[in-house]
Amino acid sequence: MSTRLGSGGRLLRRDRRIGFSFNGKRLSGMEGDTLASALLANDQMMVGRSFKYHRPRGIVASGAEEPNALFNMGAGARFEPNQRATTTELFEGLEVQSQNHWPSLEFDIGAINSKLARFLPAGFYYKTFMAPRSFWKHVYEPFIRQSAGLGRVPKDRDEDRYEHFYAFFDVVVIGGGTAGLTAALAAGEAGARVLVMEQTPHWGGRAPVDGGEVAGAPVDKFVDESVAALEAMGNVTLRRRMMGVGVYDHGYVLGYEQVRDHAPGTPGPRHRLWRIRAGQVVTATGAIERPLSFAGNDVPGVMLASAVRDYAVDYGVSAGDRTVVVTNNDDAYRTAITLKNLGLEVPVILDARAAGGGALMEEARGLGIRVETGKAVARVRGGRRVEGVAVCAQAGEGAVLEEIRCDAVAMSGGWSPVVHLWSHCGGKLIWDEAHAHFRPDVDKSPTGADGKPFVIPAGAANGALDLASGLTDAHAAGRAAAAATGHKPGGKAAAPEAAPAPEAPMAAVWLMPQGAKVQLRMKAWLDYQNDVKVSDIQLAAREGYASVEHAKRYTTLGMATDQGKLSNINGLAILSDALGQPIPQTGTTTFRPPYTPISMASIAGQARGALFQPLRRTPMHDWHEANGADFEPVGQWRRPYTFRRGQESREEAVHREIGQVRGSLGLLDASTLGKLVVRGPDAGRFLDMLYTNMMSTLKPGRCRYGLMCSENGFLTDDGVVVRLDEDTFLCHTTTGGAESVHGHMEEWLQTEWWDWKVHVANVTEQYAQVGVAGPNARKVLEKLTDDDISAEALSFMGFKEITIAGIPARVFRISFTGELSFELAVAAGRGRALWDALMEAGAEFGVMPYGTEAMHVMRAEKGFIMIGDETDGTVIPQDLGLGWAISKKKADYIGKRAQERTHMTDPNRWKLVGLETLDGGVLPDGAYATARGVNANGQRNVQGRVTSTYHSPTLGRGIAMGLVLNGPDRMGEVLEFPRVDGTVMKAKIVDQVFYDKDGEKQNV
Amino acid sequence: MSEAQSAMPGAAFEGAHTVRETGLCGMITLRGDLGASAMAEAVRDAAGTAVPGRREIVHEGASSVAWMSPDELLVMTEYARVPEALAAIGAALKGAHHLAVDVSDARAMFEVTGKPGAVREAIAKLCPVDMGHDAFAPGQIRRTRMGQVAAAFWMVDEGTIRVVCFRSVAEYVFGLLRDAGLPGGEVGLFG
């Protein structure tokens, strides 16, 4: 059983007890514990169930690579699934529940799958849930969903805060072990701006546990001195609890800082996502120990040898009283020696190498530990925890030579450099035969915009596994990074010198024993979380999955939340063996960010709640809010759709507003309309190119409605252009088009007509704009101004500068409603004052604000088109009967040549008409008019569609506009529009101007 | 006659740094040939300063002129002085191709004050800009993105940063600046 030792634990504060709960059980740990070490200290060997077979699973590792110990953590607004015990610092009150079992961890119905393992082979889902197709949605999907996923989905809104932070450094060192610290010192001494990030709360990485000497002193001292030296440098930033998430193009690096995870509830953001630009990136990310593939290597109590050592040294926790060590290298002997020195039993070290190890083996033997060379684990005894191992010869097929009782197994299959960050941005790997691992190919680095390398691997992450060579490598990496960012390497020219610790060569062992029969291979796990075994990979190879990427997806190897940190190399070695090809030929799967999962909330950062996205407000927005505005989003603006009064429905409110405008007086907040000033001697010529109409002939003081098309001829925007003076035009755009039309203008000016003398400025927000519409519009303005705004002084489509309610204003005689209408533009800071004055002066006319819906209905009654309703990116002005707005005199305008293409001039293009329902009802928006017969796909032929449709309160019936085949030539014909409920509506083709065809009302 | 209102009159926040809305500031977008002597004259007549260099801002009394792009300046002065400044620009650049428009009401301005490190940090949480002492200092201006909207800012002194954004998103920008200064969020990168 695992337990807390009486002494030791270099990271612990033994006098500080911390209470936490596991599956409702109250347990106690110590300050400095991780959740994993605290669970082991409480003999909680079994921590969860595997994904597919629901096998009992225990803690395997001590760091970010842990595949099994994932928990539902916290409650309510702080609940989060899949939290990794090995990287979770223990805090008072921490609550976790184990995952993927029902009804309980100890007794789990799903474990039946394990008995059915023979019937759940690789590719089971693909093979089983293929046919019949009719079962996909209602039979297979619910079944698969039932069994999918490990943790529970959070239900409550996250109550924590998250933020981003933008930072810039010459050199970013990822990893705060001895290599990272050494590289940082070398770069820092050269004067570079350096950031060092370490994912754990502690500096030094594995070195303090593994031991060794630097410059004649213990390595701990070297770590402390290095950190002190770095802290003293003003140009170096040290951050702990911050993980390198990913390395991207152009030196972009994401750092994930877990600011408050160890102290939840204290003020401040929980996570901070650092968005970093680095000149050079040093990946000092260390190495990860590989498991060995033997039968029962997933039984709780089978752990990585390095993890067993970590728990003993760092946390004073023993994985068991009797630990069998099984290895193919010298490093695992350190675990045996550590345990023995702590007074624990190591019944045997099984060394798969026939010749055994070197100096470390001799040291272990000297301590009286039995070492068996050329031996292997045939199988592990035990179910929910290790009870013993059966020993066999590595060279054989698994005949049991001896049974040895033990309660833990420490395994080591060698070390793989953490090459993830090196690989994210294109760094290539080479196969290192001596260490049986992939390491960075430093001649094929990720390259930046200048084509030069910008990532340098250092230490164990570069395959320099021992302390001495790691320090030398890291020192050189730091100096190179400094030099590459324009700094002259200063300080010490020589790397810190570590005492050499020679080790005997390791031997590649991918299966234990090497000739294991299928019964053993079926119990030899590669991927613990996704339940992928040696036999599954071999089956995939037999079924033709020769590519590692295909085999991965077929078997799900490495596709779990740990992304195969422990399983990938072992898996592809098995695959290579099955395919009969060398490992480098098989290659690796693609390494992608994030290195380990990061919170979704950290990606959102501040963009949540009120800051989720910007909400643009006009100067009258507060008034609208206070007066019952029912808003609709228009771009990032919120515009009043209608203003509801009392118990009114939306529709009633819209009808009331229309009646008021048609009968007397209404106000519209039109501030959101885009307003672009175009000025210069070539402004007229420029606008002639931008718009389909002729704008250069517009007289100062006059307004003209214009259409804007894309190069492909399609109608993209419309609005009223005003000529303010000889050189200056004011172009109104749609609300959503302000920024894009501005960009469109700048693009043409900067790329095509760079020699034309034209400047453009976006003044949309400089002005509050109010539409004053209705038969009493002039009367209300005359109450507020002494300027002459009579029909003679300010005729239709004219503009004038006046003073109204004491405010300087531009007044435009334009109408989108068909009524007598003025648009007033004043400085935004005085928009509210103008609005208030108009409301007050208009009281005698029963003035009301009207919203966008009333505006839309009124423009439809007048047959005016709306960008986005009548247009959808495929419609040209000619389709809309807007030929009158297309100049025939101009040699060119943007879209002209496109509109001359045969498809655009095809007489069979659908054209705009009005539609009048026979029963007075309202046509469904977007409904199609059907034609005889079916098309090649067996679908009903169509001959038109509805683009705008409303109930017109003015006319007391439904009105619509639509695009119809040969529509204008078919006046009076009746079309049929099927509705989704199966019924059919009939509508007659009519002129699209339903109201005041002669424009008498707007022109008074 | 009513007074013109700024976007968020009196808005203020105190935390790791303080934020306040400055009220209306006179602003003119001025486009033209920045190297022309007439331009130098226009800027001097309108604001009393020289034409700023690339990504720089210059001040004189209550007026400032900021570089916005290779052919655009932002002339700032008291709100009430804008017509006078526009007239001065118009006179100096008469006959020269240029554009000068009043954009005072199109903008909102906030002042972020606090410890030198704290104000740099507030911006670094929101804008993809190098706020290191070597990279950014008084006399410089950045046009960039703050959260999801366009913004520009400059340092008045080591403890004061002014932020300009569009008027319609003033509440959003104020919210961002406030969020960046909530307690417990100190990073400590800039001292």
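Two strands count as paired if DSSP finds at least two bridges between them. In this predicted model, strand β37 (residues 703–709) of chain A meets that criterion with strand β38 (residues 715–725) of chain A, the two pairing in the antiparallel sense over seven bridges. Within this pairing, A:M708 stands opposite A:D717 in β38(A).

The pair belongs to an open sheet of five strands in chain A, ordered β37-β38-β39-β36-β40 with antiparallel pairing. Because β37(A) and β40(A) each have a single partner strand, they form the edges, and one side of each is left without a neighbour in the sheet. On average, neighbouring strands are turned by 30° against each other, direction ignored.

Two helices of chain A lie across this sheet. Helix α21 (residues 683–690) lies across β36, β37, β38 and β39 and runs at about 135° to β36(A). Helix α22 (residues 738–751) lies across β36, β37, β38, β39 and β40, running at about 165° to β40(A).

Elsewhere in chain A, helix α23 (residues 777–784) packs against helix α24 (residues 831–841) at an angle of about 115°, with the axes 10 Å apart. The two are therefore roughly perpendicular, and their crossing is right-handed. From α23(A), the contact draws on A:V780, A:K783 and A:L784, and from α24(A) on A:A837, A:L838 and A:A841. By class, five of these residues are nonpolar and one is charged.

Turning to the interface, 40 residues of chain A are in contact with 41 residues of chain B. The elements of chain A that give two or more residues to this side are β9, β36, β40 and α24. The largest share, six residues, comes from β9(A). By class, this side of chain A has 17 nonpolar, twelve polar and eleven charged residues.

How values were computed. Residues numbered from 1 in each chain as written. Chains lettered and ligands numbered in written order. Predicted model: local features only at pLDDT ≥ 70, side-chain atom pairs only at ≥ 80, totals over all residues. Axes fitted to C-alpha atoms, helices over the stretch in contact; angles between N-to-C directions. Helix = DSSP H or I, 4+ residues; strand = E, 2+ residues; numbered from the N terminus. Parallel < 35°, antiparallel > 145°, perpendicular 65-115°, else oblique. Left-handed = near helix turned anticlockwise from the far one by under 90°. Contact = placed C-beta atoms within 7 Å. Nonpolar A, V, L, I, M, F, W, Y, C, P; charged D, E, K, R; others polar.
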